[in-house]
Amino acid sequence: MSLFMYCQSIEVSMKAGPDICDITSALIGTIRESGIENGQLSAAMVGSTGSLTTIEYEPGVVEDLKRTINLLAPPGIDYAHEAAWHDGNGHSHVQAAMLGPSIVLPIRNGHLKAGTWQQVVAINHDNHPRKRSIEVTVIGNIG
Amino acid sequence: MSLFMYCQSIEVSMKAGPDICDITSALIGTIRESGIENGQLSAAMVGSTGSLTTIEYEPGVVEDLKRTINLLAPPGIDYAHEAAWHDGNGHSHVQAAMLGPSIVLPIRNGHLKAGTWQQVVAINHDNHPRKRSIEVTVIGNIG
Amino acid sequence: MSLFMYCQSIEVSMKAGPDICDITSALIGTIRESGIENGQLSAAMVGSTGSLTTIEYEPGVVEDLKRTINLLAPPGIDYAHEAAWHDGNGHSHVQAAMLGPSIVLPIRNGHLKAGTWQQVVAINHDNHPRKRSIEVTVIGNIG
């Protein structure tokens with residue numbers, strides 16, 4: 001039984017950061033289109049001011065996570081990136097690097113295997129609205 | 001030479017968070033069962049209050065890492081998640097999201113390729129004991 | 001169309017941590033050698049005092065990220081790891097665990113698919129210079 005692969009790009013319009021967007025249903029759509037029953041899905045944020053992780057996507061956790069992200073690398077302090085580039089997003093770069101751009105999740109019986117209250121989220125850390133791209137690669141068995 | 005895949009679920013009984021558990025020997029067992037000689041192992045924590053990473057698993061580092069995790073998102077402060085759900089684990093959600101649910105590691109010559117003092121750990125951030133599941137997907141060449 | 005795999009080890013001589021090194025061109029070399037057109041690249045740091053992430057690799061962001069890493073787990077405070085092992089790198093272990101050892105990135109049309117200003121970096125958190133190894137596994141379609 002040989003392995004198959006399916007690649008897809010997901011685009012999300014996001015607000016100025018930190019903005020947190022649930023991309024779970026898009027990933028479920030990718031898995032369904034792939035026809036893959038068991039395997040893994042890897043997803044990566046394109047660009048150095050975005051990140052991926054999983055949370056329980058409810059307004060409280062979203063607010064709490066934004067606060068911690070902004071405490072880890074606050075928007076209002078001096079950044080060496082700012083001194084050279086003056087684009088106001090020094091904190092965005094640091095935040096995204098700390099969280100990391102990629103994630104890999106299991107596919108079991110045709111479904112994304114995650115907790116009932118565990119959603120996959122894209123985070124835009126940039127200081128202005130961005131259309132963000134996430135590249136998804138599904139590898140596994142069909143049928 | 002075609003690629004093969006092997007999937008397995010690991011279950012770990014964990015204490016209230018932050019609890020850090022060495023799952024390296026379970027992963028080594030999965031690789032051995034898979035028969036895969038070279039490739040990669042991806043592992044993902046099921047649930048939004050758990051995470052995976054690697055550490056030198058000795059009591060000092062375990063204690064140090066717990067301290068930093070609890071400084072990043074302290075248990076004792078107010079969380080918006082708490083205000084709505086009253087389950088006492090607002091910090092757990094934030095901690096797990098910051099560390100991330102997944103990891104991908106190399107398999108070389110039938111072995112998990114990691115440092116001598118580098119172990120794979122599951123972290124339960126939830127505020128009560130949990131039986132946690134980790135889904136493991138091994139992809140690679142046999143023989 | 002079956003999947004192929006290509007494995008390679010990258011070695012980088014790094015300064016005492018936090019030292020941040022751009023490994024993008026080495027990864028691009030690995031992809032080219034693999035002949036893989038579409039798929040994914042996973043990379044993992046060998047050793048518990050190193051990590052991988054992506055940043056815009058310019059001196060300002062590098063400096064800003066080092067600062068945040070050293071604020072998250074400062075070199076100058078007491079660590080339980082230190083009390084037992086006296087090797088001066090308690091903070092290194094914590095920093096590396098928080099950032100995580102691995103990353104997975106897309107390959108599209110023979111290229112590493114990342115943002116124009118997004119580079120893959122290895123971070124040495126150890127308190128002395130290290131030759132660090134990163135294991136790379138490329139999986140995907142050829143031609």
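Which residues line the second largest cavity? They are A:Leu72, A:Met98, A:Leu99, B:Leu72, B:Met98, C:Leu72, C:Met98 and C:Leu99. A cavity here is a set of points on a 1 Å grid over the protein atoms alone where a 1.4 Å probe fits but cannot get out, and lining residues have an atom within 4 Å of a point.

This is a predicted model, in which local features need pLDDT of at least 70 and side-chain atom pairs count only at pLDDT 80 or more, while totals for chains, interfaces and linings use all residues. Residues are numbered from 1 along each chain as its sequence is written, chains are lettered from A in the order in which they are written, and side-chain values use heavy atoms, without hydrogens and water.

The structure holds three cavities of 30 Å³ or more. Here are two of them, with volume taken as the space filled by probe spheres set on the points, which are joined across faces, edges and corners.

| Cavity | Volume | Lining by class |
|---|---|---|
| Largest | about 240 Å³ | 19 nonpolar, eight polar, no charged residues |

Now to chains B and C: 32 residues of chain B are in contact (heavy atoms within 4.5 Å) with 33 residues of chain C. One salt bridge is counted between chain B and chain C, and B:Arg108 and C:Glu135 meet through their side chains in a salt bridge at 3.0 Å, N to O; the term asks for a side-chain nitrogen of Lys or Arg within 4 Å of a carboxyl oxygen of Asp or Glu.

Conventions. 1 Å grid on protein atoms, 1.4 Å probe; cavity = no way out; pocket = protein on both sides within 12 Å on 5 of 7 lines; lining within 4 Å. Nonpolar A, V, L, I, M, F, W, Y, C, P; charged D, E, K, R; others polar.
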